[in-house]
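Subject: Handing over the structure

Hello,

Here is the structure I promised to pass on to you. Have a look at it first, and then read on for what turned up.

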Amino acid sequence: MLSPTTAAELSPRRKSLVLAICCVSIVVVVMDISIVNVALPSMGRDLHASESGRQWAVDAYTLVLAAFLVLAGATADRVGRRRVFQAGLAAFGLGSVLCGLAPDIGWLIAARALQAVGGTMLNPVAMAIVANTFTGAAERARAIGVFASMSGLALALGPILGGGLVDAFGWRSVFWINVPIVAVAIVCAALFVPESRAEGARRFDPVGQVLMVLVLGSVVYAIIESGALGWTSPVILGLLAVAAFGVAGLLGYEPRRADPLLELRLFRSVPFSSAIVMALFGLCGFGAFLFVTTQYLQDVRGLSPVAAGLCLLPVGLLVLVVAPLTGRVVAARGPLVPLVVAGVALALGGGLSLGLGPKTPLPAVLAVHLLFGVFLGAVNPPITNAALAGMPRSMAGLAGSLASTGRQTGTTLGVAISGTLIGPQIAHGGTAFTGAAHRVWWMLVVLGVGILVLAAVSAGPWARATAERAGMLVDHRP
């Protein structure tokens with residue numbers, strides 16, 4: 001690992017450069033989750049894609065991210081974080097090129113999966129680099145706040161940038177723009193990012209990795225295809241059975257390994273476990289919001305891609321303002337207040353969205369979007385901080401990757417579930433679409449309440465004590 005002495009010897013300017021490089025990587029990875037949403041209508045028409053094809057254009061990316069983030073984080077802890085980080089940038093850039101060249105929806109989905117393979121080497125690894133570069137408690141919390149705010153900002157600004165690119169240059173440009181950014185980031189990483197690795201090398205766990213892919217892939221595939229096949233079809237029931245088998249396998253097999261892919265003892269920390277579930281809830285809600293809203297603005301209200309993107313500008317602006325403030329609040333007072341704000345904003349945003357229709361005045365629509373900006377700005381920094389609280393730096397890559405897995409799994413499920421709920425009504429538009437969207441908005445209300453409950457559970461002295469015990473346990477694992 002990067003020793004405290006080495007970390008202390010880095011100048012403030014060098015540390016800032018490391019943070020900036022890591023932030024750039026997370027921006028391109030996370031933005032490619034949301035930037036594609038605003039391009040979906042144009043992409044679908046050009047490639048003659050079905051609604052399930054549109055969903056897979058988003059979910060092939062987030063599903064691979066979720067499935068392999070833990071492996072990437074643990075691998076980086078072992079072989080070197082900068083090395084894995086640079087390999088991830090290269091794979092992400094190649095995937096972006098292939099997306100830009102896609103002749104059909106199948107090619108695009110495969111290229112999105114390759115993009116995500118690169119993304120798995122960037123998201124948790126960048127967080128581990130930040131955590132090992134900023135070693136003081138206060139500076140570490142501030143740096144993580146900045147890093148997490150970039151993640152939220154990228155997710156919110158993706159539709160705005162995507163809308164402008166689609167209108168000006170076509171949907172393929174949302175992928176081409178990644179290439180020069182990635183090239184510069186590769187060079188800067190070689191020049192400024194110090195190499196670091198964990199003291200104890202974790203061995204590859206092929207069985208655990210296969211089981212994780214089975215669980216996530218089966219659940220997401222079942223949700224997406226349930227609209228066409230029906231929940232009682234043999235295919236869907238078989239997929240759910242495979243997912244149940246995978247969960248049982250993980251619970252039975254992983255505790256017996258010395259270096260498991262999933263270090264289940266981390267989940268003995270109540271703040272850590274709550275952070276993972278809150279990440280899943282929060283990003284499920286925001287993923288559903290983006291998927292439904294971008295299609296509502298274009299297919300129901302008839303706005304152009306750039307106009308639809310601009311309608312999400314309030315979200316991005318509030319994330320830009322709220323997230324850094326949240327990082328400072330977390331550093332000074334802990335995560336409880338920001339999580340309460342996030343839960344209330346998500347629940348209230350979902351509730352007010354129930355009143356949106358084809359003729360709702362646009363200012364009212366934008367006012368509702370403000371709540372989702374507050375939510376996204378407030379939710380990411382405390383979740384990231386809680387996931388790493390009490391954990392030794394040697395486990396930073398793994399703990400960070402599990403938090404990111406919660407986010408990506410949540411985004412994947414949000415798109416899959418919302419697409420299943422509204423998919424049959426997209427072609428009808430108007431009140432048929434907005435009526436179907438009500439089920440999505442109610443889901444967001446429930447998720448917001450869930451975040452409030454988990455925030456309260458994880459805030460007490462007992463919960464903090466479990467985090468300390470879990471940290472000592474995994475730091476001295478047999």
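Which residues does leucine 108 touch, not counting residues up to four places away in sequence? They are Met43, Leu47, Ala57, Cys99, Ala102, Trp171 and Phe175, where a contact means heavy atoms within 4.5 Å.

Before going further, a word on the source: this is a predicted model, in which local features need pLDDT of at least 70 and side-chain atom pairs count only at pLDDT 80 or more, while totals for chains, interfaces and linings use all residues. Residues are numbered from 1 along each chain as its sequence is written, and side-chain values use heavy atoms, with hydrogens and water left out.

Now to the core. Met43 and Leu108 touch the most other members of the largest nonpolar core, which has 128 residues. (A nonpolar core is a set of buried Ala, Val, Leu, Ile, Met, Phe, Trp, Tyr and Cys residues joined through side-chain atoms within 4.5 Å; buried means under 20% relative accessible area, exposed over 50%, and partly exposed in between, with a 1.4 Å probe and protein chains only.) Helix H2 (residues 12-47) supplies the largest share of this core, 18 residues. Helices here are DSSP runs of H or I with at least four residues, numbered from the N terminus.

Helix H2 also holds alanine 20, which is partly exposed, at a relative accessible area of 38%.

Glutamine 209 sits in helix H10 (residues 206-229). This glutamine is buried, with a relative accessible area of 5%, and it touches Ala67, Phe68, Leu71 and Leu261, again leaving out residues up to four places away in sequence.

How far does the predictor trust all this? The protein averages a pLDDT (the predictor's confidence in each residue, from 0 to 100) of 81, and 88% of the residues score at least 70. Confidence is lowest in helix H1 (residues 4-9), at a mean of 51, and highest in helix H15 (residues 336-353), at 93. Over residues 1-5, pLDDT stays under 50, and the model has 14 contacts for them beyond four places in sequence.

Happy reading, and do write back with your thoughts!

Best wishes

Notes: Helix = DSSP H or I, 4+ residues; strand = E, 2+ residues; numbered from the N terminus.
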